[in-house]
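I opened the model today to look up a few features. My notes follow, in the order I took them.

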Amino acid sequence: MPNRSRHPAVAEVHEGGITLRWSDKSPMHLPDLWLRDNCHCEKCRHPGNGQKLYEVVDFPDDLAAIEAMVAPDHKLRVLWSDGHRSEYTPDWLLDHDLIPSARNERRPVHRHWGKEIGNDLPIGDWPEMLADPAKELGWLDLYRMLGFGLLKNVPMKEGMVAEVGDHLGFVRVTNYGRLFNVISVPNPNNLADTSLGLGVHSDNPYRYPSPGVQLLHCLVSDAPGGDTLLVDGFAAAETLRKENPGAFALLSTVPMTFRYSSANAELEARQTLITADMDGVISAVHFNNRSADWLDAPGDLAGRWYGAYRIFAKMLKRPERELIFKLGAGDLVVMQNDRALHGRTAFDPNLGRRHLQGCYIDRDGIESRRLVLRRNLQQQHENAA
Ligand SMILES: [Fe+2]
């Protein structure tokens, strides 16, 4: 949290921007165009929705601050070369500080995990969450931090997974429909038919955008085995960066192609296995060897990329990374598809039935749900105080 006991003391205009000195002597550099584009006066922003009322090209090319001063109420006041006047509160300036430590604090908190998270699973009771928004928010906060969460006591009726999806966000319809079934029933004619294990992966990386969140609801689980496997792709990517920065650089810059082809679909998406921004913050890991198409990259890179790809694939198989748990009937797991990579252990369908239903929602929908709940609960607290 920014230190709010300090306040702006002196402002100096110089070429390119303003330097603001705070009461604790720390400087803050405010580039001209950046600062002007953040003017919140009623000529610049719609008072109702806060949206900008101008185009960025409307500023003169030589726009510059010509006067800056700190007012007695500690607001920064600026006169611009086109005659416009802006003012900025100390709180706004602190909340938008561009120094690395402040930018770092504003990043989402991702708590990395391995198999030990099995002792402390992020569990929410579905009926309790429906009845109590604070409980739902608590579970959503855990989901945001860990990239997955488990719901218990979800009614065991078909189609329920899409109802939960529409509650947490909005179900994304694909060529598989609104929801899909993962089903196996005992088949005495085919005793040898053991359903194989599935290595961890992200679903459908051949879509653009790839599904952000997958929900899987267990309706029947009689067969031994068939446990759910989850691996934190962000934690693995972070380990890769530490242990082998060259491999990390290849997987985060060389795009690969994922493909799916069927009678009624031709799906293709080109994306890097690891998505990281200019600060190195990881926002997505897409791993799915089954749908990885041939790598179209310059020859020297293609060879080196495969080395990196295999190192990462081995890293995902480290036993200490694998969370293994069994979904029982009425359980529903929510997984950030480009972080919590999922798979399953082998099972014998001849020993019992297994029926899961799944659907996809988008990452922004579930995050919006969390933020709206938080805002509403804060407002309720303030009104009650
Ligand atoms: Fe899958």
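Which residue does Asp125 stand opposite in strand 8? I found Lys152 there.

Before going on, I noted that this is a predicted model, in which local features need pLDDT of at least 70, side-chain atom pairs count only at pLDDT 80 or more, and totals for chains, interfaces and linings use all residues. Residues are numbered from 1 along each chain as its sequence is written, and side-chain values use heavy atoms, with hydrogens and water left out.

**Entry 1: strand 8.** Strand 7 (residues 123-125) pairs with strand 8 in the parallel sense, over three bridges. Strand 18 (residues 332-336) pairs with strand 8 in the antiparallel sense, over four bridges. Strands here are DSSP E runs of at least two residues, and helices are H or I runs of at least four, both numbered from the N terminus. Two strands pair if DSSP finds at least two bridges between them. Buried means under 20% relative accessible area, exposed over 50%, and partly exposed in between, with a 1.4 Å probe and protein chains only.

Entry 2: I traced three strands in the order 1-2-3, with antiparallel pairing. Strand 1 (8-14) and strand 3 (27-31) stand at the edges with a single partner strand each, so one side of each has no neighbour in the sheet. Neighbouring strands in this sheet are turned by 20° against each other on average, direction ignored; the axes are lines fitted to C-alpha atoms, and angles run from 0 to 180 degrees between N-to-C directions. Strand 1 pairs with strand 2 (residues 17-22) over six bridges, and Glu12 stands opposite Thr19 there.

**Entry 3: the iron ion.** Which protein donors does the iron ion have? I listed His201 (NE2), Asp203 (OD) and His342 (NE2), at 2.0 to 2.2 Å. Donors are N, O and S atoms within 2.8 Å of the metal (3.2 Å for Na, K and Ca), and water is not among the atoms, so sites may look incomplete. The spacing along the chain is H-x1-D-x138-H. Asp203 lies in the loop between strand 10 (198-201) and strand 11 (213-221), and His342 in strand 19 (residues 340-344), 139 residues apart. Both Asp203 and His342 are buried.

**Entry 4: helix 7.** I noted the buried residues of helix 7 (residues 233-243), among them Phe234, Thr239 and Leu240.
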